[in-house]
Amino acid sequence: MLRAARSLVRLTRAARVLGKHDALFPLELRAEMPAILLALMPLAKIRFPWEAEPEIRSGDAGERLATALAALGPAYIKLGQFLATRPDIIGADLAGDLSSLQDKLPPFPMEEARAIIEESIGKPVEELFSSLSEPIAAASIAQVHKARTRAGSESEEEREVAVKVLRPGIEQRFAGDLESFFWAAERIERNYAPARRLRPIEIVETLAESVKLEMDLRLEAAAMSEMAENTAKDPGFRVPKIDWERTSRRAMTMEWIDGIPASDRGALFAAGHDMARLGRQVIQSFLLHAMRDGFFHADMHQGNLFVDADGRLTAVDFGIMGRIDQNERRFMAEILYGLVTRNYVRVAEVHFEAGYVPNSKSVHAFAQALRSVAEPIFGRPAREVSMGKLLAQLFQVTEQFDMRTRPELILLQKTMVVVEGVARHFDPDHNIWESAEPVLKSWMMDKMGPEARIEEAAAGAMQLGRVMSHLPEVLDRAERTARLLAESVDEKGVRIHPSSADAIARAQEARFSRRQPLIWLAIGAVGALLIANLF
C-alpha cells in the first residue's frame, strides 16, 4: 500500500510536468494507450493559480518530451535515453528525437565534492591530491574534476588524473523513481495485454541494472580494468588506467587523457587524422568487443571518445556496459553477417534456432519479411544506408511474427546505432557494412570453423560422459525401487517407511561412487575415439 501511494505521488508529479510541456503521451504513442489514460490526460494539463505560466512549446512532440524529461531529473533523463533505443515501442521518429537528449546538469558545489571524496576514500583531499580543479563536466549522476596526485613515495611521481564524484543523494533519488517505474510496469503488464509482448518489467529491470553499475564507481572502475585487459593488444583502442588507491564507491580516479574530443571533427581534421580510418576503427572496435569478448562499452557516443596523438580511440565513462553470452554472440554474428551477405533464409533460421520467433511461424515467410526490409537499402549510396534505420524497420515486423523483446540485447542494439552515428560523424560516406564484414567473418571462422567444431564436439563428449556416468546409477536405483515397491504392496497399499528408502538410496550411492571414475573415463575415451573418426 505504501509503495503504491509513493509511486502514485511520484508519477502524478511526473505527469504534471509532462502535461505542462504538452508531452504526456505524444501523438506517436496515443494509438497504443488505453482509453482510461487518454480520458485522464486533460487533468494533467490543469494549471493551478500558484503555478508559473507554461513554457513555450516546440511543435515537435519529441523535442517537447525531451525537454520535459530533462526537467524531471536524472532518472527520467536515463529513461528517455533508454527509450531512444526502442523504436519498436515509441516509433522511429520519436526515438530519433530522444536520442539527442543531453545528460547534462549544472555542477554541484566544490565543497560538497571535496566532502564526498574525503568521506568515501577516507583521507583529506590535500593528502590525496596536490591540486583539484573546479568541475570540468557535470552529468545527471556524477561530475568530473581534473586533479594532480600527491606523490606518496620516492618511486611515485605526481600525475595528472581525472576524478569522478557522484552527486549528493543521487542513490536515494534514483531508488525512488525506479520503484515508481517498476510499479507502473507491473500495472501495465498485469492489466494491458497488448504491452506484455514488450516485457515492460524486464525493460525496467535492464534499466535498473545499468543504473546500479553507475551508482557504484568501484564497479565502473572494475569494468574499465576488465576492458583494458581485453583490449591491451588492440592497436587502435585504449582504456585509461585506474588509480585504485584513490577510488571508492562514490569517487573514482583515473588516468588523465590528453586527446582531441571525438565530437570536434574540425580539430581532428586539422591535426591530420585519417577520418575514414577513424570511422572504420570505431565500428570494428565495437564489434570486436561485443563478439570477441562479449563485453562492450554501451555508451560509446562522441562525448565519451577521444583521439590521442597516435590516432587511437580512447574511451571514457564506463558507467553503462553490456554483456552477451557465447550463444547470443553466435546468433548476432550470424544475423548480421547474413544481412551483410543478403542470406535472408539463414537470418530467419537463426531467429528460430535462437528462440526469438515461435516455431509455429513460417521460416520462409519470416525470411520474406526480412528481405522486404533489408533489400531496399542495398545498392544505395553509403551515406544513405543506416543500420539504425534497418533495426527500426526490423522492429516493425516483430509483432507480425510474435517475436518477443529480448532485453539482454537492448544495449547491444542501442550501441550499434550510436556507434554508427559516430562513424558517420567521422566520415559521412562511411560504409558500415564494409567495415563490419571482415570482423564478423573472422569471428565466425574462429568460432564456427572446423577447429572450433572439433573443440565443441570434444566439450560435448565430455559433457555426455558426465551425464552417461550417472545412467547406471539411475537405472540401478530405479530397478531396486521397483522391486522394493512390488514387495511392499498389499491390499492396504505401500508400506515402506521413508527412512528405509533414504537408507537404501545412500547405500546404493556409496556403492556406485567407487566405480564411477572408471565408467566416466571409459565413456570419455569412447567419445574421443568417435571424434577422431568423425574428423
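A residue is buried under 20% relative accessible area, exposed over 50% and partly exposed in between (1.4 Å probe, protein chains only). Helices (H or I, at least four residues) and strands (E, at least two) are DSSP runs, numbered from the N terminus. This is a predicted model, in which local features need pLDDT of at least 70 and side-chain atom pairs pLDDT 80 or more, whereas totals for chains, interfaces and linings use all residues. Residues are numbered from 1 along each chain, and side-chain values use heavy atoms, without hydrogens and water.

Helix 5 (residues 74–83) has seven of its 10 residues buried, including Tyr76, Ile77 and Phe82. In strand 5 (residues 251–255), four of the five residues are buried.

A nonpolar core joins buried Ala, Val, Leu, Ile, Met, Phe, Trp, Tyr and Cys residues through side-chain atoms within 4.5 Å. The largest such core has 84 residues, of which Val282, Phe286, Leu412 and Phe426 touch the most other members. Helix 14 (residues 275–293) contributes the most to this core, with eight residues.

A salt bridge places a side-chain nitrogen of Lys or Arg within 4 Å of a carboxyl oxygen of Asp or Glu. The whole structure holds 26 salt bridges, including the following.

| Pair | N to O distance |
|---|---|
| Arg148 and Glu158 | 3.0 Å |
| Arg159 and Asp243 | 3.1 Å |
| Glu226 and Arg323 | 2.8 Å |

Because Glu226 lies in helix 12 (residues 217–230) and Arg323 in strand 10 (residues 321–323), their pair ties together parts 97 residues apart in sequence. Glu226 is partly exposed at 27% relative accessibility, and Arg323 is exposed at 51%.
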